2 protein chains.
Amino acid sequence: MSIVVVGSIAFDSIKTPLGHRDRALGGAANYFAMAAHFFGKVKMVGIVGEDFPKSHLDLLERKNVDIGGIQRVPGRSFHWQGEYGEDLNTARTIATELNVFEQFLPEVPESYRKEDTVFLANIDPTLQIHVLKQMHAPKIKALDSMNFWIERKPSELKKAISMVDILFINDAEIRALTGEYNMVKAIAGAHKIGARIVVIKRGEYGSLLSTDNGMCFVPAYPLESVFDPTGAGDSFAGGFLGYLDQQPALSLTALKRAMLLGTIMSSFVIEQFSFDRLLEIRPHDIEDRVYKLSMMANLSNL
Amino acid sequence: MSIVVVGSIAFDSIKTPLGHRDRALGGAANYFAMAAHFFGKVKMVGIVGEDFPKSHLDLLERKNVDIGGIQRVPGRSFHWQGEYGEDLNTARTIATELNVFEQFLPEVPESYRKEDTVFLANIDPTLQIHVLKQMHAPKIKALDSMNFWIERKPSELKKAISMVDILFINDAEIRALTGEYNMVKAIAGAHKIGARIVVIKRGEYGSLLSTDNGMCFVPAYPLESVFDPTGAGDSFAGGFLGYLDQQPALSLTALKRAMLLGTIMSSFVIEQFSFDRLLEIRPHDIEDRVYKLSMMANLSNL
């Protein structure tokens with residue numbers, strides 16, 4: 001069992017109230033893989049320029065990540081510059097240099113196509129559909145997007161959503177996507193578009209899962225210092241799908257634990273710039289936070 | 001066992017995106033009592049003018065609420081006019097007519113003073129301290145406040161907080177009170193001021209409890225239609241303390257269930273204007289929502 005992830009691999013230059021960092025390693029597929037590899041094998045599809053450090057690709061390989069689907073082409077890598085205000089909930093984009101990402105046409109290597117799980121990180125929904133068509137018969141298809149595509153390619157995005165099992169989305173995005181402000185109605189709207197499982201990421205307020213079998217809420221892991229929220233959503237998806245890919249079925253119990261693991265993986269990412277913190281932790285650090293968080297959220301047996 | 005509540009009894013004229021209502025019955029003490037009476041006896045201390053309907057005081061008495069501490073004096077009752085935008089999280093005050101409330105000096109009747117639980121709803125912290133001094137030796141002392149007093153009487157408010165066991169507060173208020181943006185640090189700051197138990201109300205994002213023995217999170221009860229958020233905080237306190245007043249001790253288990261009951265009582269209040277919905281429900285409606293919410297929040301046994 002492996003997960004195929006398709007998305008950006010980038011440099012991020014980031015300013016937060018606590019500091020700044022130039023050209024940190026980032027990109028959705030990168031954050032996803034750096035979180036998901038703790039649970040099993042990840043196979044990446046992406047594009048980088050000649051300026052992308054070979055050392056990072058080597059690191060991914062050492063972490064059991066297949067980089068055979070990463071194209072290295074002439075030119076410069078995707079570079080995002082952004083900054084966060086004190087609330088750390090929303091990023092302000094200062095500059096986006098697409099560079100080689102502009103010509104990205106994801107080709108899924110033959111050796112990836114029979115995998116059971118695929119994560120379509122935030123890219124043009126047309127490309128997300130293009131990837132799905134290349135996969136044979138994955139059991140778990142998941143998708144993330146952003147306001148940019150909700151505004152610019154709503155029908156294409158809705159088509160992509162109707163083709164997947166799991167939609168990762170945040171509060172503002174699901175409201176924009178469905179035109180409903182009330183969260184219960186917005187969730188119903190997202191299910192109607194075709195997402196069987198909806199995962200709403202609410203930053204410091206935790207996350208929310210909705211399926212035919214019911215809803216579940218997971219609080220954010222309380223941290224004394226949030227350093228840089230970049231990559232929180234993709235590392236959440238990495239923990240979530242990394243765990244789920246190893247499970248026999250998409251039961252509500254498995255989904256709830258996936259929510260916990262997504263929450264915990266993102267809690268590590270936001271403690272430092274880039275995915276620095278993920279390079280330090282060990283599986284027991286993950287288990288420790290999972291235990292503490294489930295105790296805090298536990299309302300049974302009252 | 002009874003709860004003594006001290007606070008406003010008022011008329012509210014409210015505009016929300018879904019409608020408006022003039023001179024609805026409201027006020028913090030009123031909302032509190034209308035929620036808490038489901039669990040046990042409530043004794044009110046407050047002030048109303050001649051314009052306040054006798055029929056509502058009669059209703060309170062039928063609901064097992066002692067109104068002996070409500071002064072009825074010449075003049076008009078407190079009248080608040082406010083409106084809510086689409087997010088329903090923050091009210092914009094259009095007008096506040098204090099009227100008889102301006103002369104409010106809470107006198108706790110002798111027959112109230114030996115009670116075990118006291119709730120100081122949002123009033124001048126000087127008056128909150130004045131009330132506490134009249135009580136003999138309550139086992140549970142709880143306090144609510146607002147930004148107005150945090151800005152205008154910070155040292156008086158901190159003194160009041162240091163005298164109680166439980167502080168009810170919202171996100172923005174605890175940040176203003178402690179000067180800490182990060183929630184973990186803000187909570188630590190509130191404990192340092194002297195609140196042994198801190199309950200943070202976060203509207204649609206649920207609530208959070210912090211004690212020496214740990215934290216606990218409760219999501220909001222998901223509602224398809226939120227009609228009017230006025231009174232949500234005070235009915236939360238009503239459910240919370242109404243339940244707690246009946247328990248043998250302030251254990252973490254009892255506090256967690258109190259969080260659930262607070263959440264559920266406020267979920268009913270916001271479904272309609274004023275406390276209209278609380279006049280319709282029965283105990284089994286409360287139990288039904290408690291069960292559903294604890295299922296949604298339950299992350300144990302994974």
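Two residues are taken to be in contact if their C-beta atoms, placed from the backbone, lie within 7 Å. The model is predicted: local features need pLDDT of at least 70, side-chain atom pairs count only at pLDDT 80 or more, and totals for chains, interfaces and linings use all residues. Residues are numbered from 1 along each chain as its sequence is written, and chains are lettered from A and ligands numbered from 1 in the order in which they are written.

**View 1. Packing of helix 3 of chain A.** A:Pro125, A:Gln128 and A:Val131 of helix 3 (residues 125-134) are buried (20 or more other C-beta atoms within 10 Å of the residue's own). They span an arc of only 110 degrees around the axis and therefore lie on the same side of helix 3 of chain A; the arc is that of the directions from the helix axis to the C-beta atoms. The buried residues of this helix pack against strand 1 (2-6), strand 8 (117-120), strand 9 (140-144), helix 4 (147-152) and helix 5 (154-162) of chain A. Helices (H or I, at least four residues) and strands (E, at least two) are DSSP runs, numbered from the N terminus.

**View 2. An open four-stranded sheet of chain A.** The strand order is 3-2-6-7, with mixed pairing; strands pair if DSSP finds at least two bridges between them. Strand 3 (19-26) and strand 7 (91-97) of chain A stand at the edges with a single partner strand each, so one side of each lacks a neighbour in the sheet.

**View 3. Pairing of strands 2 and 6 of chain A.** Strand 2 (residues 10-16) and strand 6 (residues 78-84) of chain A are joined in the parallel sense by six bridges. A:Asp12 has A:Trp80 of strand 6 as its bridge partner.

Note on methods. A residue is buried if 20 or more other C-beta atoms lie within 10 Å of its own, exposed if 12 or fewer, and partly exposed in between; C-beta atoms are placed from the backbone.
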